[in-house]
Amino acid sequence: MKFLEDHLPKLMLAPSFIAMLIFVYGFIGWTAWVSLTRSRLLPRYEIEGFIQYERLFSSLRWDTAFTNLFLFGGLFIVISMILGLALAIFLDQNIRAEGAIRTIYLYPMALSMIVTGTAWKWILNPGLGLEAMVQGWGFEGFKFDWLVNPDMAIYTVVLAAIWQSSGFVMALFLAGLRSVDGEIIKAAQIDGIPNWRIYSAIIIPSMAPIFLSAFIVLAHLAIKSFDLVIALTGGGPGFSTDLPATYMFAMAFSRGDIGQAASSAMVMMGVVFTIVVPYLYSELRVKND
Amino acid sequence: MKNFAFTVSAIAMLAGGAAHAGPEAEVLHWWTSGGEAKSVAVLQQEFAEKGGEWTDMPVAGGGGDAAMQALRARVLSGNAPTAVQLKGPAIQEWYEEGVLADISAVAEAQGWADVLPASIAGHMQCEGTWCAAPVNVHRVDWIWANADVLEANGIAMPTSWDEFNAAAEKLQAAGIIPLAHGGQAWQDATVFEAVALGILGADGFRKAFVELDEATLTSDEMIAVFDQMRTLRGFVDPNFPGRDWNLATAMVMNGEAAFQIMGDWAKGEFLAAGKAPGEDFLCASVPGEGFLYNVDSFAMFEVGGDDKQEGQALLAELIVGKNFQKVFNLNKGSIPARTDVALDDFDSCAKLSSDDMAASSEGGSLLPSYAHGMALRGAQSGAITDVVTSHFNSDMTSEDAVAQLAAAVANSM
């Protein structure tokens with residue numbers, strides 16, 4: 001009994017810990033191994049060095065995919081946060097029907113990325129959607145062909161992703177705004193400080209942790225983005241909207257080039273690490289102090 | 001782990017074998033849409049009539065990608081299906097993994113070598129032994145046209161790319177989209193290889209897309225191929241990216257567009273809409289000599305147990321049998337792989353396809369389609385397609401495209 005009392009929590013956690021060890025970290029290790037081999041259709045295990053990484057970084061398609069990741073990720077994170085914060089501040093003004101409006105903004109989050117992608121594909125299609133509609137109203141010169149323009153198509157992915165996620169960011173920020181101590185705000189109001197000053201000097205700085213969580217959530221959404229691209233553009237026109245995740249999928253499952261897929265997966269993980277590790281480091285350091 | 005799974009499946013097989021005696025086959029395929037499913041059912045029925053027990057394993061999705069995933073998992077666990085829908089160099093790739101069976105006994109007894117065109121038979125052999133059975137031959141290098149639109153504009157079916165360009169300009173002036181096209185990578189590649197066959201000729205095509213000869217890939221003719229692609233880009237409506245091929249076919253059907261360059265599965269769409277070949281729509285091979293084929297086949301995997309091996313032999317025999325070849329291809333819109341099947345029930349386009357196949361087989365211009373995974377392995381054909389689709393969808397110059405083509409092919413090795 002004594003043994004159980006002492007060790008019950010550990011025993012309870014052990015199965016999930018072991019499963020995690022094998023299925024997450026074990027397979028990360030496996031992928032790293034395979035990325036160093038010449039695996040094609042089936043995995044092989046003779047290590048050949050960094051040949052797959054050399055191939056990866058001399059591939060034009062990977063170049064596009066990798067650039068897109070930063071372009072898409074950067075714009076998506078920054079605009080979603082700005083938009084989410086603005087919406088949250090407006091909703092925070094004790095307006096009428098706040099609950100209903102909040103739900104409306106949050107609702108896109110309830111849709112799957114596939115639905116979002118398909119809906120925006122129709123909206124943005126020049127022959128069916130927005131462009132055709134506005135031209136139908138008589139504005140013959142109206143042009144909005146981003147979806148079929150290889151230079152602009154990646155921005156349609158950004159657009160759809162922001163539409164999907166900014167409501168969620170708004171909810172995060174709204175919770176943050178509400179958690180700021182009301183006494184401080186009242187004190188500032190009594191001192192006659194204008195509203196925008198209260199927000200920029202008091203409320204927003206005190207929400208730093210919320211910014212960080214919003215950033216982490218959005219960053220991982222951006223890096224693993226796959227379904228949205230598949231539904232919205234299918235990676236096209238050409239491969240101009242490829243992201244690392246779609247590149248990896250194409251290599252692993254339609255080209256029979258597992259080594260190449262594994263090396264791209266490792267690079268993606270490297271990107272995640274450079275974002276998450278400083279975050280974890282700062283979190284852990286705060287706790288140890 | 002692998003051995004353990006193998007042992008378990010071996011025991012399961014022995015146990016199953018004791019209960020049931022007779023040919024057994026488990027067949028992995030991705031023919032799940034209407035006409036295709038009907039075609040497979042024919043084979044299933046024939047197999048059952050011979051006393052066999054068929055275990056169907058259809059895996060839909062991703063043009064076979066999902067099925068390949070399932071296959072990989074099955075092979076890795078040491079429990080491969082009896083027969084798998086595979087084609088082209090993928091058969092040899094799996095053979096090199098050491099998992100394919102030898103069905104030479106059936107092939108020799110049935111005299112496959114005499115009834116199949118030599119270059120198609122070559123795909124079914126792994127280092128001299130037979131390891132796969134062909135089902136059909138799709139021709140890839142077709143031009144489909146709306147007969148009424150051509151007639152109204154006084155245009156004949158083009159026999160050279162210059163004629164095609166002239167016709168297209170005329171149509172464009174008349175407000176008709178000259179070329180119906182869907183901007184998906186494989187469709188870009190389909191048009192590209194049709195153009196390449198016309199401009200490079202059969203030998204050039206073989207050098208470029210079968211042997212990956214660098215001199216041919218960077219030749220002036222290849223630059224001309226990309227130039228023609230750029231010209232074709234001007235004949236496509238602006239709304240083409242991402243469009244599915246059957247929607248492009250529908251544009252030809254309803255007269256919105258005049259031509260489509262697509263394999264003979266497009267014929268199925270026309271026929272399903274009640275259009276008659278020669279009257280409502282026209283079919284012709286693309287300008288240039290040659291015949292690009294896309295052959296569906298079943299690769300036979302190594303299986304244990306007499307029942308399964310018996311089932312495998314029976315399956316192979318039925319697949320290449322005259323009756324199945326005829327019924328299946330009538331359903332699917334392709335033509336039989338064997339050359340001695342009577343074509344009385346087939347339409348005029350299929351007869352043309354069959355005649356051309358026989359002629360090009362003799363003339364040495366019966367060539368595998370690179371865009372449909374018949375000529376090259378996935379990594380190489382994918383690398384070429386990347387360049388083709390990137391050129392078609394941007395303002396890249398033909399010279400740059402050719403340089404990239406050579407670099408991408410080298411990088412994919």
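The mean for chain A is 88, and 99% of its residues reach 70 or more. Helices (H or I, at least four residues) and strands (E, at least two) are DSSP runs, numbered from the N terminus.

A quick word on ground rules. This is a predicted model, where local features need pLDDT of at least 70 and side-chain atom pairs count only at pLDDT 80 or more, while totals for chains, interfaces and linings use all residues. Residues are numbered from 1 along each chain as its sequence is written, and chains are lettered from A and ligands numbered from 1 in the order in which they are written.

**Chain B as a whole**

You'll find 19 helices and 15 strands, and a C-alpha trace spanning about 75 × 45 × 40 Å along its principal axes. Of its 413 residues, 51% are buried, meaning that 20 or more other C-beta atoms lie within 10 Å of a residue's own; 12 or fewer makes a residue exposed, anything in between partly exposed, and C-beta atoms are placed from the backbone.

**Two domains**

Colour chain B by domain, with bounds from an automatic or database domain assignment: 2–137 + 295–352 for domain 1, and 139–293 + 363–411 for domain 2. Their centres, taken over C-alpha atoms, are 30 Å apart. Where they touch, domain 1 of chain B gives 17 residues and domain 2 of chain B gives 15; two residues are in contact if their C-beta atoms, placed from the backbone, lie within 7 Å. On the domain 1 side, pick out H4, helix H7 (118–123) and helix H17 (348–363) of chain B, each supplying at least two residues.

**A four-strand sheet**

Next, select E14, E7, E12 and E15 of chain B: in that order they form an open sheet with mixed pairing. Strands E14 (335–336) and E15 (366–368) of chain B are the edges, each pairing on one side only; pairing takes at least two DSSP bridges between two strands. Zoom in on strand E7 (residues 136–139) of chain B, which runs antiparallel to E14(B) and is joined to that strand by two bridges. Who faces B:Ile335 of E14(B)? That's B:Val137.

B:Glu127 counts as exposed because it has 9 C-beta neighbours inside 10 Å.

Then go to B:Leu212, between helix H10 (185–209) and helix H11 (214–217) of chain B. Phi is positive here too, near 55°. Is B:Leu212 buried or exposed? Buried, because 20 other C-beta atoms lie within 10 Å.

**Where the chains meet**

Last stop: bring chain A back. The contact takes 26 residues from chain B and 25 from chain A. On the chain B side, select helices H3 (65–76), H4 (89–96), H18 (378–392) and H19 (398–411), the elements that give two or more residues. H18(B) has the largest share, with seven residues.

How values were computed:
pLDDT = per-residue confidence, 0-100.
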